[in-house]
Amino acid sequence: MSDFFTVYHHLFNTFLLGSGYALSQWVVMRAGVFSVATAGLASIGAYCAAILTTKLGWPHPLSILAGTLLGTLTGLLLSVPLARLRGVFQAIATLAFVQIVVAVGLFSDSLTGGAIGLNAIPILVGTKENLLALLCTIYVLLAIGATRVGRAFEAIRQDEAVASSLGVSVTFHQSLAFGLSGAIAGLFGGLEAFQTFTLFPNTYGFGLIVAALSYVVLGGRRSVAGPIVGTAILLILPEVSRPLADYRNALYGVIMMLVIAFMPRGIVDTGLLYLRRRRLAAKAAAESRQ
Amino acid sequence: MSALVIKGVSKHFGGVAAVSDVNMEVPPGKVTGLIGPNGAGKTTLINLITGVLTVSEGSIHFGAQDITEVPAYKVARAGISRTFQNIRLLAEASVIDNVMIGFYRNEKTTTPASLLGLHSARRETAALRDRANKLLERFGMSKFADQEAGGLAYGHQRRVEMMRALASDPALILLDEPVAGMNDVEAGELGEIFRGLARNGMGVLLIEHNVRFVTTLCDFVYVLDSGRMIASGSPEQIVNDPAVITAYLGS
Amino acid sequence: MLAQQLLNGLVVGGVYALFALGFTLVFGIHHLMNLAHGAVFMTGAFVALYTVLAGLPLWLGFVFAILACGLLSILIEVTAFRRLRKSGEAEFGAIISTLGAELIIVTFAQIVSGSDVLRFPFETFPVEIFEFAGLRVTLLQLFMLVCSLLLMLILTYYLYRTPLGTRIRSVSGNERASVLSGVNPNTIYYQTFFLSGALAGAAGVLIGLSFNSIQFAMGEPFLLRGFVVVVLGGMGSIPGAMVAGLLLGMLQTLTAAYLPAGLTDAIIFSLLFVILLVRPYGLFGKETAGAMRAER
């Protein structure tokens, strides 16, 4: 067992961080916002945390907290102008946001190290912290799902007009979702900063957008387990065999095309739906026998 | 209970007037009808009242509150619920979840309590689930509780939408063609429910183009044609009004 | 000097316009985004390059590139769009499935090229420099400019002056209208996707020649700039894409010439962000085109 963990230690941490980003992507979509800002928000969290510790000597938990708060704040700020826009246009605007963050990261090299990277960040975070952060995130997202805000999110995602006809403020909840997405992305960005030694602006670019989206699409957009399962599958598959690792991106591409065409709800949600229908059918059959 | 008072309301799309200079009143404890041929502007008027569309001219008051410029979710919070002409359910959600979102307006749970999953928030959710189950029972829909709303038969979907509107415990309910596509028996059953609501003090505004249904059910009827109010009065007055007959039969 | 920079900008801008035209054409018809458009563009450069490396003349490479990209684009329509067209979430689905298509095409190119940066052989395109009125223009630049303008003219003629083009425009996102008018929507889709891909392929060859550095990842920055062009011009607007393409080309060369290095991208994408907030339907788009939410 301990061997297993030394070999797969790195992969497991990648999975925990990936799950975090996937959940950040998931939570905005849960409230019906098509944002891809997660990558940019993670970048802000990571650089904020790393800079505070390497340049100002802040203790790393405080830096990570600051990164989380800055991510939250950025998410909330983004949500204000974006409330006016509809689906695809929200996606393009947040894509622009991610590109701006990358470009600014590359440009302001005195602060961020630019393309050479922000170096010599102490390695202070490991599996324990990642796991704790992921569990806390999952708890909050499950709590939302089980209470009032979750019902509002669900209503907005499915039909904004219905939601507002019942007193649900679309703007408020979408801002809230943006804030949560920023908090989660900022938190995991901050954690990542303290386990990679060097940060590059391009780590949080188009590639991370695609990764986070594909985790969520594969796993499912409704239940909290969806993005986590999606992340696990997409990270483990390339480890299974060498060719899959060489063509990792093509593999992601094929999976994205197949899932959206044949299983648009994703693996977990489709599975849950199947189980529920079977249970209902069994119940109905039992009732008709009586 | 409050009355809805609409004064001189107009709505222009570009240069075209969809509704012009409409005056009407929907008192509590009565069933008020709004009829008119297709394209008369009935649904536009509903959208103006509920804040989905903005009013070009005129004012809308609900009780003492001016709701002319108020956005949709705040109109709902003021106590006005609606159903939609083409049923709009949360198709992927279960029937009981569709009803539970109706309670949203009166929920006590705060946002932080919900985010942290506090005991109070979970307790309220459980209580609402019980209430939703009772409502399902009243409408004879208990056995569909866990089914996806989008998969229900048409008549059942209508009932879910009705339950959702009632769950929000409104002071005024706007029903946009609630019996469209139903046979007379089913329509009659729903009509009884509407009367019951009015008896309990709720204001009911019934939008229909089925004249017969409206005249048997309503206390007072307004007739809209090409965006203008062409008649109003008791059902007997309306069916004998020459302007109404012309509007319906064509000149 | 300013005039020289503007001229250089115009040359690049013409290619941006070509690229964006294909993107906006598909959006105008489907109201869906084809995120594999950058990969089609890259394929154009690859096809031309390998044709030339095989000893064939460049003009043939150009033709092959246009044909191959047109067909690739049709393949994307069939595999990534067709099933989604009738689903309720086509907007989101198309983004995911065309992203998937993009990943597949790019990986394929990466394997073929061994991840190397490839170059056209020396003097594939004759190096000649003209000077006039103090401006320096290479023959290649002239060729790029003429090519872009010519293709734009042909497209405009096709869309606005031929019966087929008129049908394409009349369908624009309205499948029922096309069925009523007796047009098989699939013919329209094949045509628009072929045109879209062909334009991207042409743009790919021109950019490949002009920078003479061809590699599998060259589509991504173009796709991102394509967004700026189509949003600035107005999503789905043909004249908008042409004007905005030229504007972006000039803006890019000017910022690169007069502002600190590395600021260009920040400015371009800030511009995109600001346009979306201030005027999401762009310079030429209609306010009602669906960029913004309903009234409340």
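**Exercise 1. Which backbone nitrogen lies 3.3 Å from a polar atom of the side chain of Thr83(B)? Then place Thr83(B) in chain B.**

Some ground rules come before the solution. This is a predicted model, where local features need pLDDT of at least 70, side-chain atom pairs count only at pLDDT 80 or more, and totals for chains, interfaces and linings use all residues. Residues are numbered from 1 along each chain as its sequence is written, chains are lettered from A in the order in which they are written, and side-chain values use heavy atoms, without hydrogens and water.

*Solution.* 
- Step 1. The nitrogen belongs to Asp176(B).
- Step 2. Thr83(B) sits in the loop between β6 (80-82) and α3 (95-100) of chain B. Helices (H or I, at least four residues) and strands (E, at least two) are DSSP runs, numbered from the N terminus.
- Step 3. Thr83(B) is buried, at 2% relative accessible area. Buried means under 20%, exposed over 50%, partly exposed in between (1.4 Å probe, protein chains only).
- Step 4. Contact means heavy atoms within 4.5 Å. Beyond four places in sequence, Thr83(B) contacts Glu161(B), Ala165(B), Leu174(B), Leu175(B) and Asp176(B).

**Exercise 2. Find the residues that touch the most other members of the largest nonpolar core.**

*Solution.* 
- Step 1. Such a core is a set of buried Ala, Val, Leu, Ile, Met, Phe, Trp, Tyr and Cys residues joined through side-chain atoms within 4.5 Å.
- Step 2. The largest core has 180 residues, and Met33(C) and Phe227(C) touch the most other members.
- Step 3. Helix α1 (residues 2-30) of chain C gives the most to this core, 14 residues.
- Step 4. Leaving aside neighbours within four places, the contacts of Met33(C) include Val88(A), Ile92(A), Phe23(C), Phe81(C) and Phe227(C).
- Step 5. Another core, of 46 residues, lies apart; Ile87(B) and Met202(B) are among them.

**Exercise 3. Describe the interface of chain C and chain A.**

*Solution.* 
- Step 1. Count residues: 45 of chain C are in contact with 42 of chain A.
- Step 2. The buried area is about 4,000 Å², and carbon and sulfur atoms give 76% of it. Buried area is the accessible area (1.4 Å probe) that two parts lose on being put together, summed over both.
- Step 3. Salt bridges number zero. The rule asks for a side-chain nitrogen of Lys or Arg within 4 Å of a carboxyl oxygen of Asp or Glu.
- Step 4. On the chain C side, α3 (58-81), α4 (90-113), α9 (219-233) and α11 (264-278) each give two or more residues.

How values were computed:
Polar contact = N/O pair within 3.5 Å; in protein donor to acceptor, adjacent residues only side chain to side chain.
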